[in-house]
Amino acid sequence: MLSYRHAFHAGNHADVLKHFVQVQLHQYMNQKDTAYTYIDTHSGAGVYALDSNFATKNAEFDTGIGPLWGRTDLPPALAEYVDLVRGMNPSGKMRYYPGSPWVADQMTRPDDRLRLFELHPADSKILADNFRKAEAHKAEQGERARGRRVMIERGDGFMSLKALLPPPSRRALVLIDPPYEVKDDYRKVKDALEEALGRFPSGMFAVWYPVLQRMESRQFADRLKRLPAKEWLNVTLTVSTPGPDGFGLHSSGMFILNPPYTLEPLLREVMPYLVKVLGKDAGASFLIERGTQVTGAAAGRVGAGGTARQPVGNARRASPLSGTGSLRLPGQAMPTRDAGAKDAARPDGAAAKVNAAARAKRFSRPEAERPDERFDPARDPGKAPRARYADERPRVPGARPERAAGGRPGSGRPVAGAGTGPARPPRKRG
Ligand code: SAM
């Protein structure tokens, strides 16, 4: 089933969480000179026009990048991500939003490699077109094309991942971001990660997932915690209490296997800010938890009809920090500040089932018109994104066209102290 088009959702709060974390993962990877491979199993179209019919249909960017756009008080780590988006929009008007391949292109270095997979024929073509135009623009600027730096393939990212691991440089950042239109996606993510870790245990794997009431979603993070990675980190952002009709995406998470030790301190700085700026009601909150691989899964679960679940297996090793100040167990519904939380935590109630079905619809919107998300850096002089670092000349994201065309041991305790800054100076804001 290929009805999902990310253009409907571009720049929403889930994209903010995902792409902000992605920027930080690249920052960490960039600390070492050795080149790495970025693998995007579910790439989407690469760039989205926020004034397209798709994006304006529900204006989901108003829940995410919109409120951050004009802020002057962004925490530095979040500013790096917002500046990247601003770099695509030098006129100051928020018009384009970068997808994960574009974020990667901006954040990687000339010797790094991008391997991008997209199954949807239309989005795969748009992705290739976007990169082709960027490359043409770079050539016009006199920048030398870099061989096989970027490869785009119309294909199944789940299936393609294993063949790329381990990468020649033994360094890789993998983003897995499926639509979750079908519940099988949850299983496929876990299976793909299991196989990938078997081939490349030290890889850094980041998974975006929706936090929904449906069973697969509620159990998902707990399942990932049992994968044979040395460490994991889970962060969720909830922007509002789910409404009674269950429509809309209120909460999502990023689950990172073998996360950089720099990430958690940065999240602790940024997540409260995101809750403050993007939060819609008292249900807005965040959760950061991390832990080590769980062996001997004792996954006894208690709880039905509103009873809070007991910690299970790895939960005892986790270090949950929730934005509402209350301890939230992995997999447990996010408590609201008032007593209304009990509804959200009722996994077996009839209302919860109705909500789950309704919310799942968010992932199966019918395809409407063709999105106009082609970003043409040559169309408007001055659209070239600014240099990422002081020692790099300005460049537009570029690539080869479509092919057819020090971890901290997981103590289970919160990490104290301020965040470790990125190795390179963050870009200047503005
Ligand atoms: N990662 C993108 C970003 O952050 O900009 C968004 C990706 S979107 C959530 C998911 C994409 O996966 C859709 O474009 C969809 O067409 C594509 N897709 C679905 N199943 C796929 C598969 N098995 N392999 C590759 N792509 C797939």
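**Exercise 1.** Where in helix α10 does a kink lie, and shortly before which proline?

Solution. Helices here are DSSP runs of H or I with at least four residues, strands are E runs of at least two, and both are numbered from the N terminus. Helix α10 covers residues 263-278. Its kink of about 30° is at Glu269, shortly before Pro272; the bend is the angle between axes fitted to the seven residues ending at a residue and the seven starting there.

The model is predicted: local features need pLDDT of at least 70, side-chain atom pairs count only at pLDDT 80 or more, and totals for chains, interfaces and linings use all residues. Residues are numbered from 1 along each chain as its sequence is written.

**Exercise 2.** State which residues of α10 are buried and what they pack against.

Solution. A residue is buried if 20 or more other C-beta atoms, placed from the backbone, lie within 10 Å of its own. In α10 this holds for Leu263, Glu264, Leu266, Leu267, Val270, Met271, Leu274 and Leu278. They pack against helices α1, α3 and α4 and strands β8, β9 and β10, a contact being two C-beta atoms, placed from the backbone, within 7 Å. Across the protein, 53% of the 430 residues are buried.

**Exercise 3.** Describe the shell around the ligand.

Solution. The shell has 21 residues, with the C-beta atom, placed from the backbone, within 6 Å of the ligand. The closest are His42, Gly44, Gly99, Ser100 and His120. Strand β4 (113-118) and helix α7 (157-161) each supply at least two shell residues.

Notes. Buried ≥ 20, exposed ≤ 12 C-beta atoms within 10 Å, placed from the backbone.
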